[in-house]
Amino acid sequence: MSISGLIKGSGASGFGWSSTAAGVTEGLDLTGRNILITGCNSGLGLETMRVLVERGATVFAAARSREKAEAAGAEVGGETIAVVCELSDPTSVRACVDEVRGHGRRLDAIICNAGIMALPERELLFGYEKQFFTNHVGHFILVTGLLDQLTDDGRVVVLSSDAHRTAPRAGIEFGNLTAEKSYGGWKAYSHSKLANLLFARELGRRFAEAGSKRTATAVHPGPIDTNLTRHMNAVARFTWTTLGPLFLKSVPEGAATQVWAAVHPDVARHNGEYLADCNVGKSTKNGADAEMARRLWEETERIVEQLA
Ligand SMILES: NC(=O)c1ccc[n+]([C@@H]2O[C@H](COP(=O)([O-])OP(=O)(O)OC[C@H]3O[C@@H](n4cnc5c(N)ncnc54)[C@H](OP(=O)(O)O)[C@@H]3O)[C@@H](O)[C@H]2O)c1
């Protein structure tokens, strides 16, 4: 256990920083559940899928290529269905929606796990900053395309991050979604993770407004050493790996909160919440701004319509 784990202990749920994905699902039988996860082939996604299939779920394993999805499925065993979802390409995301629909199974959960972090140079996709587009817009197309496949009490879990705390002071930069006024790799990542958080808040609000039992939650998994760090510079990478044992979670610990959010019975009452360390967490003021969340939803709909 890391020093952070020793200090933080457990919270109201009975779980905490050092809980693992296997630990939070102990005793749960997920046979008959169908769960879709993006980014199934690496880091938290792979561990999430491993534990879900171990508990009996069927996992729609989404990766950027069929080869990656199939290899990840083979690695974890159990029942997985490989699907392709390249989030930076709306045509691929829509094809994924069609492919999943084609299987005719209702989804008990969709876990929006895939993500990219801290691209050193400003890059654009369809005129929008790449991290915002990939992490947020890609998942928006996927989830909204599959909403009618979600079971009546189905869950949408969106990977955000405590990095949302360092998003621009004004929150979502509606006037700078191209990042042409200013670009920083970390700032753009934080901005995209704030968008992930607000997407979950607004989706949860819409579910509640419709009187549905469906839920949407946002997750901060903790700091974990995964392939996500590939764009870190040498100094950051050195610090991360050297001090890692003190403050990082292991991958099984890192996957715990999203697995808890997707399948634990207790989480049904946490619609619209920001979850961290397998408990309800506290976001920034912008991260709880319902008006900003509504505006982001409408702006994203506009972006997506424009792409069609
Ligand atoms: N690790 C942390 O400390 C940490 C902290 C806070 C939040 N998070 C969040 O946790 C999530 C999982 O991250 P991780 O740490 O497990 O990172 P990871 O090991 O790098 O996994 C990221 C996954 O996303 C996939 N992906 C990247 N770009 C994609 C695209 N354009 N289309 C579809 N899939 C794409 C990757 O596929 P390829 O392998 O093919 O590139 C990979 O499967 C991310 O959303 C991240 O923001 C992580």
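Which helix gives the most to the shell around the ligand? In this predicted model, that element is helix 3, spanning residues 43-54, which contributes three residues to the shell. The ligand is surrounded by 29 residues, and the closest are Gly39, Gly43, Ala114, Gly115 and Thr226. By residue class, the shell consists of twelve nonpolar, 14 polar and three charged residues.

The strands form an open sheet of eight members in the order 3-2-1-4-7-8-9-10, and the pairing is mixed. Strand 3 (80-84) and strand 10 (279-280) are the edge strands; each has a single partner strand, so one side of each has no neighbour in the sheet. Strands of a sheet pair through backbone hydrogen bonds, in either the parallel or the antiparallel sense. For strand 8 (residues 215-220) and strand 9 (residues 274-276), the pairing is parallel and extends over three bridges. Within this part of the sheet, Ala218 stands opposite Tyr274 of strand 9. Helix 6 (residues 130-146) lies across strand 1 (34-38), strand 4 (107-112) and strand 7 (150-159). The angle between helix 6 and strand 4 is about 170°.

The largest nonpolar core comprises 84 residues. Helix 7 (residues 185-209) gives the most to this core, with ten residues. The residues with the most contacts inside the core are Ile35, Ala61, Ala62, Val158 and Val259. Two of these, Val158 and Val259, are described here in terms of their contacts.

Val158 touches Cys112, His139, Asn196, Phe199, Ala200, Ala216, Ala218 and Val219, when residues up to four places away in sequence are not counted. One of these partners, Ala218, is the residue that stands opposite Tyr274 in strand 9.

Val259 is located in helix 10 (residues 256-263). Val259 has 34 C-beta neighbours inside 10 Å and therefore counts as buried, the cut-off for which is 20 or more. With neighbours within four places in sequence left aside, Val259 is in contact with Ala21, Val24, Thr25, Thr48, Val51 and Leu52. Between Val259 and Gly272, the separation is 13 residues in sequence and 16 Å in space, C-alpha to C-alpha.

The loop between strand 9 and strand 10 contains Asp277 and also Cys278. Asp277 has a phi near 50°, a positive value in a residue other than glycine. Cys278 likewise is not a glycine and has a positive phi, of about 60°. Asp277 is buried because 26 other C-beta atoms lie within 10 Å. For Cys278, the corresponding number is 32 other C-beta atoms within 10 Å, so Cys278 is also buried.

Ser65 occupies the loop between strand 2 (58-63) and helix 4 (66-76). Ser65 has 14 C-beta neighbours inside 10 Å and so counts as partly exposed, a class that lies between the limits of 12 or fewer for exposed and 20 or more for buried. Ser65 and Asp277 are 212 residues apart in sequence, and the C-alpha to C-alpha distance between them is 31 Å.

Notes
Residues are numbered from 1 along each chain as its sequence is written. This is a predicted model: local features need pLDDT of at least 70, side-chain atom pairs count only at pLDDT 80 or more; totals for chains, interfaces and linings use all residues. A residue is near a molecule or strand if its C-beta atom, placed from the backbone, lies within 6 Å of it. Helices (H or I, at least four residues) and strands (E, at least two) are DSSP runs, numbered from the N terminus. Ala, Val, Leu, Ile, Met, Phe, Trp, Tyr, Cys and Pro count as nonpolar, Asp, Glu, Lys and Arg as charged, and the others, Gly among them, as polar. Two strands pair if DSSP finds at least two bridges between them. Two residues are in contact if their C-beta atoms, placed from the backbone, lie within 7 Å. Axes are lines fitted to C-alpha atoms, for helices over the stretch in contact, and angles run from 0 to 180 degrees between N-to-C directions. A nonpolar core is a set of buried Ala, Val, Leu, Ile, Met, Phe, Trp, Tyr and Cys residues joined through C-beta atoms within 7 Å.
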